[in-house]
Amino acid sequence: MHLLDAIRDAFLLLLSGDAALWRTIAVSVRTTLLALLIAAPCSVALGYLMATHRFPGRRLMIWLTQAALSLPTVLIGLLLYLMLSRRGPLGDLQWLFTQSGIVAGQVLIALPVLTAFSLAAIQAADPRLAETALTLGASPWRLMWTVLREVRFGVMAAIIHGFGRVISEVGCAIMVGGNIAGETRTITTAIALETSKGEFAQGIALGMVLVAIALAINALLFMLQGDPRVARGTA
């Protein structure tokens with residue numbers, strides 16, 4: 001099949017409302033959003049803790065968090081598979097080859113990404129902000145809220161980066177989810193499967209959806225950030 005023919009067929013497939021195609025997209029988006037809802041609060045809080053407090057093992061935690069960014073997702077999938085398998089310590093959960101298993105894997109993938117980027121954003125904040133808040137008698141929770149509000153765009157960027165990392169991964173989703181049609185088949189695992197079968201139109205159509213999602217969430221961040229010159233009062 002020629003490339004142009006495959007692209008044309010991909011557009012037709014998307015416009016036709018193919019049930020299997022859109023079910024795959026729905027599974028991928030649903031599991032990704034759920035994983036981020038679980039991972040984001042813990043990650044941002046951990047990033048804040050490491051950025052603003054000194055405690056034994058802090059440097060080790062930062063090193064491990066940054067090292068985890070380079071872990072292959074297929075390795076995370078392998079470890080989680082062994083944990084969730086029938087003989088594994090978490091086998092009683094029966095999450096293997098289910099959407100819950102995929103979400104668990106995506107949470108593990110998202111945690112170091114969100115934590116590392118949140119840590120970097122908070123460390124870049126003006127230290128005088130926290131000092132002023134403390135001088136005015138801010139409680140620990142109020143101080144945390146003030147700092148996070150100041151670096152909210154950096155935290156948003158961390159969450160969006162985590163979203164892109166999770167929704168585009170394939171190794172963990174295949175190993176833990178099993179690529180079951182209508183249940184655990186995600187966009188990336190479907191692309192791998194359909195391409196291996198020679199169904200390039202399906203793969204291209206799903207690839208278009210991934211690109212559209214990436215453009216949409218980055219456009220959302222861009223609009224939320226606004227014009228930085230206006231924010232600084234220089235426009």
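Predicted model: local features only at pLDDT ≥ 70, side-chain atom pairs only at ≥ 80, totals over all residues.

Reader: Let me begin with the helix H1, residues 3–15; how many residues does it have, and what distance does it reach from its first C-alpha to its last?

Author: Helix H1 has 13 residues and reaches 19 Å between those two atoms, which is close to the 18 Å expected at 1.5 Å a residue. After the helix comes Gly 17, whose phi is positive, near 70°.

Reader: Which residues of H1 are buried, and which exposed residues does the face turned away from the buried side carry?

Author: The buried residues in H1 are Ala 6, Ala 10, Leu 13 and Leu 14. Because these residues cover an arc of only 95° around the axis, they lie on the same side of H1. The face turned away from that buried side carries Leu 4, Leu 12 and Leu 15, which are exposed. The cover over the buried residues of H1 includes helix H2 (19–52) and helix H11 (200–225).

Reader: Now to pairs of helices: what describes the way two packed helices lie against each other?

Author: Two packed helices are described by the angle between their axes together with the distance between those axes. In this structure, helix H3 (residues 58–68) and helix H5 (residues 99–123) have axes that come within 8 Å and cross at roughly 125°. That angle makes H3 oblique to H5, and H3 passes H5 in a left-handed crossing. On the H3 side, Arg 58, Ile 62, Thr 65 and Ala 68 take part, and they meet Pro 112, Thr 115, Ala 116, Leu 119 and Gln 123 in H5.

Reader: At what angle do H5 and helix H8 pack, and how far apart are their axes?

Author: H5 and H8 (residues 152–167) pack at an angle of about 155°, with axes 9 Å apart. The two helices are therefore roughly antiparallel to each other, and their crossing is right-handed. Among the residues that make the contact are Ile 109, Val 113 and Phe 117 of H5, along with Val 155, Ala 158 and Ile 159 of H8.

Reader: Are Gln 94 and Asn 179 buried or exposed?

Author: Gln 94 is exposed, with a relative accessible area of 65%, whereas Asn 179 is buried, with a relative accessible area of 15%.

Reader: What is Thr 186 in contact with, once its neighbours within four places in sequence are left aside?

Author: Thr 186, which has its place in the loop between H9 and H10, is in contact with Thr 24, Ser 28, Ile 102 and Ala 173. Thr 186 is buried, with a relative accessible area of 2%. Not counting residues up to four places away in sequence, Ser 28 touches Ile 167, Thr 186 and Ile 187.

Note on methods
Residues numbered from 1 in each chain as written. Heavy atoms only, no water. Helix = DSSP H or I, 4+ residues; strand = E, 2+ residues; numbered from the N terminus. Expected span 1.5 Å × (residues − 1). Buried < 20%, exposed > 50% of the residue type's maximum accessible area, 1.4 Å probe, protein only. Arc of directions from axis to C-beta. Contact = heavy atoms within 4.5 Å. Axes fitted to C-alpha atoms, helices over the stretch in contact; angles between N-to-C directions. Parallel < 35°, antiparallel > 145°, perpendicular 65-115°, else oblique. Left-handed = near helix turned anticlockwise from the far one by under 90°.
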